[in-house]
Amino acid sequence: MQNFFENVFSGVGITDVIDIIIVAFAIYKLLGLIKQTRAEQLMKGVLFLVVATFLSGLFNLHTLNWLLRGAMTLGAVAILIVFQPELRRALEYMGRSKIVKTSRRQMDKEKGKQITAHITKAVESFSNDHVGALIVFERETSLYDIAETGTVLDAEISEQLLGNIFYEGSPLHDGAVIIRADRIYAAGCVLPLTRNNNIGKELGTRHRAGIGITENSDALVIIVSEETGIISMAREGQLSRFLDIKTVEKTLLNMYINTGEMTGTMSFITRALNRIRGKKNAE
């Protein structure tokens, strides 16, 4: 047995390790894209058909096997149609992924802290006064088409301006604000609603719109409930609720100040290779 494992692992090189890590990471990301969506249930159905086809062939059930093979052939086309939203999301994710993630415009720490302070003060005020708010932070994916549904402002970020926009008597208060870098780019924007039917029924249109835009882009969204004053945050199609202002401040500081960090596949591979080298050095 010892010789068997020695023979197996002796033929494994560094390129094989990298190959396995990349494939594992790709499968992990694929599962993450379909998790908690209708595609998850559909994948279970596809897996059931594959297993049934294999078993029917194994036990020589020729008629059943023929029908299942025909169904799987047609199913390949059906999957492309049924999984269209998920496939689009996956392609958009790959399109905006970068080995080294950098901001569109370099921003010094003081400017980032100033912007964060203005936004957090406004969000805290909205929460205390039960003012509904929907603030979208554009990142790598352009939101130009979404901005066209509202009014372009291209104004400096300030607590007072955000307060005026979301004031109940304002004509722009029902829509979303889009923040691009250090500017309020547009207000009164209409966002796509989420297609996820598993979110709580107590969440209204504002929360569903906040989740929806993060399903189609890499945007970060801050949502304040008009009824309860609860602060929520949406990203990558997931909603985090009951946040305190410190969490909001920390998230914004990380977004505005901590740039140029390695992310995605290359970061995953680098960490894995460092572990391998560490083990070899220890030996």
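A residue is called buried when its relative accessible area is under 20%, exposed when it is over 50%, and partly exposed in between, using a 1.4 Å probe and protein chains only. By that scale Glu-226, at 35% relative accessibility, counts as partly exposed.

Good morning, colleagues. The structure before you is a predicted model, in which local features need pLDDT of at least 70 and side-chain atom pairs count only at pLDDT 80 or more, while totals for chains, interfaces and linings use all residues. Residues are numbered from 1 along each chain as its sequence is written, and side-chain values use heavy atoms, with hydrogens and water left out. Helices (H or I, at least four residues) and strands (E, at least two) are DSSP runs, numbered from the N terminus.

I turn to the partner of Glu-226. A salt bridge is a side-chain nitrogen of Lys or Arg within 4 Å of a carboxyl oxygen of Asp or Glu. Glu-226 forms one with Arg-206, and the closest N and O atoms are 3.9 Å apart. Arg-206 belongs to helix H9, whereas Glu-226 sits in the loop between strand E5 (220-224) and strand E6 (231-235), so the pair ties together parts that are 20 residues apart in sequence.

Why is helix H9 described as largely enclosed by the rest of the structure? The reason is that 9 of the 11 residues of H9 (residues 205-215) are buried. Among them are Arg-206, His-207, Ile-211 and Glu-215.

How many salt bridges does a search of the whole structure find? The search finds 5. One of them joins the side chains of Asp-154 and Arg-183, at 3.3 Å from N to O. This pair links distant parts of the chain, since Asp-154 is in strand E2 (residues 151-156) and Arg-183 in strand E4 (residues 183-189), 29 residues apart. Asp-154 is partly exposed at 41% relative accessibility, and Arg-183 is also partly exposed, at 27%.

Another salt bridge brings together the side chains of Glu-249 and Lys-246, again given from N to O, at 3.9 Å. These residues are 3 apart in helix H10 (residues 245-256), and are therefore separated by about one helical turn. Glu-249 is partly exposed at 30%, while Lys-246 is exposed at 59%.

Let us now consider helix packing. Two packed helices are described by the angle between their axes and the distance between the axes. Axes are lines fitted to C-alpha atoms, for helices over the stretch in contact, and angles run from 0 to 180 degrees between N-to-C directions.

The axes of H6 and H10 come within 9 Å and cross at roughly 150°. The two helices are therefore roughly antiparallel, a term for angles over 145 degrees. Contact here means heavy atoms within 4.5 Å. The contact residues divide into 8 nonpolar, 3 polar and 3 charged.

Which residues of H6 meet helix H8? They are His-118, Ile-119, Lys-121, Ala-122 and Phe-126, and their counterparts in H8 are Glu-159, Leu-162, Gly-163 and Phe-166. The axes of H6 (residues 109-129) and H8 (residues 159-166) come within 8 Å and cross at roughly 40°.

Notes: Parallel < 35°, antiparallel > 145°, perpendicular 65-115°, else oblique. Nonpolar A, V, L, I, M, F, W, Y, C, P; charged D, E, K, R; others polar.
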